[in-house]
Amino acid sequence: MNKFKKIFTTDSYIVPLVAIVLGFLVGAIVMLMGGYDPIAAYSALFKRVFGNLYNFGEAVREMTPLMLTGLAVAFAFRSGMFNIGADGQVMIGMTAATVVGIKFAALPAFLLVPLAVIMAGVCGGLWAAIAGYLKAKRGINEVITTIMLNWIALYLSNYIVRAFLLLPGQNRSEDIPASLSMTFLNSLFDNARLHWGTAIALAAAVFFYVYLWKTKQGYEMRAVGYNPHAAEYAGMNVGRNVVKAMFISGVFAGLAGAGEVLGVFHYQSVFAASPGYGFDGIAVALLGLTHPLGVVLAAILYGTLTYGSAGMSFAADVPPELIRIVIGSIIFFIAAQGIVRWVLKPFYFKRKKEKVL
Amino acid sequence: MDLQTLGQLLNTTLVFSTALIFASLGGIFSERSGVVNIGLEGLMMFGAFAAAVGGYYAQDAGMGGWAPWIGVLCAMAVGVLGSLIHAVASITFKSDQTISGTVINFLAAGSTLYMVKLLFDGSAETPLIDGFDKVAIPGLSKIPVIGEGIFNSYPTTYLAIVLVIVIYFVLFKTPFGLRLRAVGEHPSAADTLGVKVNRMRYIGVMLSGLMAGIGGATITLTTTGTFGHNTISGQGFIAIAAMIFGKWNPLGAFGAAVFFGFSQAIRNYVQLFEWSKGIPQEFIFMIPYVLTIIVLVGAVGRSAAPKALGQPYDPGKR
């Protein structure tokens, strides 16, 4: 049995891959039951994403905030916390970037844009740190505080946009002069809204990896996440690590907000309800097994599927909601690895036999 | 603000609280047995969907006043079925409970809308149905304020209030409740005493699906009349907050749910107050959430979750 286990831990990529295949299979079965053609639907999905440069660029644009919110949720997870509040942190990041982008428009672009991005990250981080502080100092469950902070962020952002930045007669802010757009690439991709946020997201993933696995502070953070009591006994300051981990998690989410307003929309809307970035982030973090490389790959998969699902409904008439069933099943099979192992079992025995022969 | 308005405010508060009461009671069953249930949102979605569809077909079949109750039954069944996904993954296959709860949310959001489009020719919403009517309790409904506020409500509201008391009694005064809580606090000790840990946990999770299903049904059958993509938007997460706020106790969760319900209701009435004219509406919307955090910081303090919450039970590990 131990040997059996070893096979799966050494090539840990097999389980996610099989989970993805099984997820697509579940989707296909659901489509067949609804009377649709799964092959036509899936090929339409991929054709939409990879069919022309504009759509490919837009799909990359869609992946960018997913990477950052995925990293945010994953980072908190690694430190032993469940950050349901990425949504609110994105809102705060958006608002900070918008405020700086509009109110300091007189600054030259090479100062204005970095300032707006940094403020978005810092404010998102501080917003998340509130939940970290309350957990560290008062022992208040971060799940409840981050849910509450999501709503507060939504209303606070709406208030700021409505009271100070409103474009008269519209339900959105004035246009933001600061921009993260990659103008040279945009024309190349047929005006797809590519922006520097994608580069920021990839850099954030690298930072995530280096910080958690190559620095002493990261080691402490993982130790606290793994077993706070042992970490405390070893002389680590658990509370400070909790606050710091939430801060960094929030910075990732805040940067996602900056990318969306400075790179994609160039204004901020008054939101009727929460835009849902944070909940996608939870899914991406789980799909990526809370590892930075996994999160980047998961965001690519998630972005491809959600962006492509519109093509699926055009070409094969399949409701785009189907894709959520596919994503949900993939996460299910990744989580319940026992099922995947059970599916794989016969293949592994076969291979062993061949070796013996 | 006259007495009649006060009664109406109380009544609206209860309308908004009812779904939260059901769902948070469901969360208590699951988490008291040691299984985290982040999937309440999805389970409510399943319930709201099943109630809308079941209620529609029952109404179509000419069942009249019974149709909403058929909807509730469908919601209970579909809620339990949905929660089984969570139970199988997290109890039998010992996967991370947070992850399988999230899976429920995803599958629910996807499959319910997929089914709606399939059943109703691509429409994004179910057809409007009649739902429940308010029932006035003879005599009691004549009492000023309280009569208008409490004793002239939807049947689901009465059911929710009764269930709070029943579930409190079941959890804390019966052998079943003791076993359920034991399994969530110290599964190996419970196992030694002959309690079937995994069976109790299955029951806990399935009851949470049942209750959250009724919660979802309440929303379609009393508030919206249809099911669409934003029928359940964050209610399940608020229910989780109410459960934690209420310290995994039915009475506490009831109080918290009413508090959140009040905060939703007050929006409709706030313009009646003279003092509210100068305050931007966003700050009024924010009040309950800010207040929740302040209350947690000041009075409630550390919330004590069941000790074995989130840990799969492995009999080989002591």
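**From one serine to the interface**

Mentor: Start with Ser33(B), which sits in the loop between helix H1 (3-32) and helix H2 (40-60) of chain B. Keep in mind that this is a predicted model.

Trainee: Ser33(B): buried or exposed?

Mentor: Buried. Its relative accessible area is 0%.

Trainee: Which residues does Ser33(B) touch, leaving out those up to four places away in sequence?

Mentor: Leu180(B), Val183(B), Gly184(B), Met200(B), Arg201(B) and Gly204(B).

Trainee: And what lies 2.7 Å from a polar atom of the Ser33(B) side chain?

Mentor: The backbone oxygen of Ser30(B).

Trainee: New topic. How many residues does each chain bring to the contact between A and B?

Mentor: Chain A brings 47 residues and chain B brings 44.

Trainee: What area is buried there?

Mentor: About 4,000 Å² between chain A and chain B. Carbon and sulfur atoms give 80% of that.

Trainee: Which three residues of chain A supply more than any other three?

Mentor: Ile144(A), Met148(A) and Tyr155(A). Together they supply 16% of the area that chain A buries against chain B.

Trainee: How many salt bridges cross the interface?

Mentor: The rule finds two between chain A and chain B. One of them joins the side chains of Glu321(A) and Lys117(B), at 3.0 Å from N to O.

Trainee: And how many residue pairs are in polar contact across it?

Mentor: Four, counting pairs with both residues at pLDDT 80 or more.

Trainee: Which helices of chain A supply at least two residues each to that side?

Mentor: H2 (14-33), H6 (109-138), H7 (142-164), H13 (277-287), H15 (322-335) and H16 (337-356) of chain A. H7(A) gives the most, with 13 residues.

Trainee: What's the split by class?

Mentor: On the side of chain A that touches chain B, 34 residues are nonpolar, eight are polar and five are charged.

Trainee: Back to salt bridges. How many are there over all chains?

Mentor: Eight in the structure. Take Arg61(A) and Glu58(A), whose closest N and O atoms are 2.9 Å apart.

Trainee: Where do Arg61(A) and Glu58(A) lie?

Mentor: Both are in helix H4 (residues 53-78) of chain A, three residues apart, about one turn of the helix. Arg61(A) and Glu58(A) are both buried.

Trainee: Which residues are linked with them in a network of salt bridges?

Mentor: Glu62(A) and Arg193(A) are linked with Glu58(A) and Arg61(A) in that network.

Trainee: What does Asp175(A) pair with?

Mentor: Arg172(A), in a salt bridge at 3.2 Å from N to O.

Trainee: Why does Arg172(A) count as buried?

Mentor: Because its relative accessibility is 19%, and the cut-off for buried is under 20%.

Trainee: What about Arg324(A) and Asp280(A)?

Mentor: They form a salt bridge too, with the closest N and O atoms 3.9 Å apart. Arg324(A) is in helix H15 of chain A and Asp280(A) in helix H13 of chain A, so the pair ties together parts that are 44 residues apart in sequence. Arg324(A) is partly exposed at 30% relative accessible area, whereas Asp280(A) is buried at 18%.

Trainee: Last one. What pLDDT does chain A average?

Mentor: It averages 87, and 94% of the residues score at least 70.

How values were computed. Residues numbered from 1 in each chain as written. Chains lettered and ligands numbered in written order. Heavy atoms only, no water. Contact = heavy atoms within 4.5 Å. Buried area = accessible area lost by both parts, 1.4 Å probe. Salt bridge = Lys/Arg side-chain N within 4 Å of Asp/Glu carboxyl O. Polar contact = N/O pair within 3.5 Å; in protein donor to acceptor, adjacent residues only side chain to side chain. Helix = DSSP H or I, 4+ residues; strand = E, 2+ residues; numbered from the N terminus. Nonpolar A, V, L, I, M, F, W, Y, C, P; charged D, E, K, R; others polar. Buried < 20%, exposed > 50% of the residue type's maximum accessible area, 1.4 Å probe, protein only. pLDDT = per-residue confidence, 0-100.
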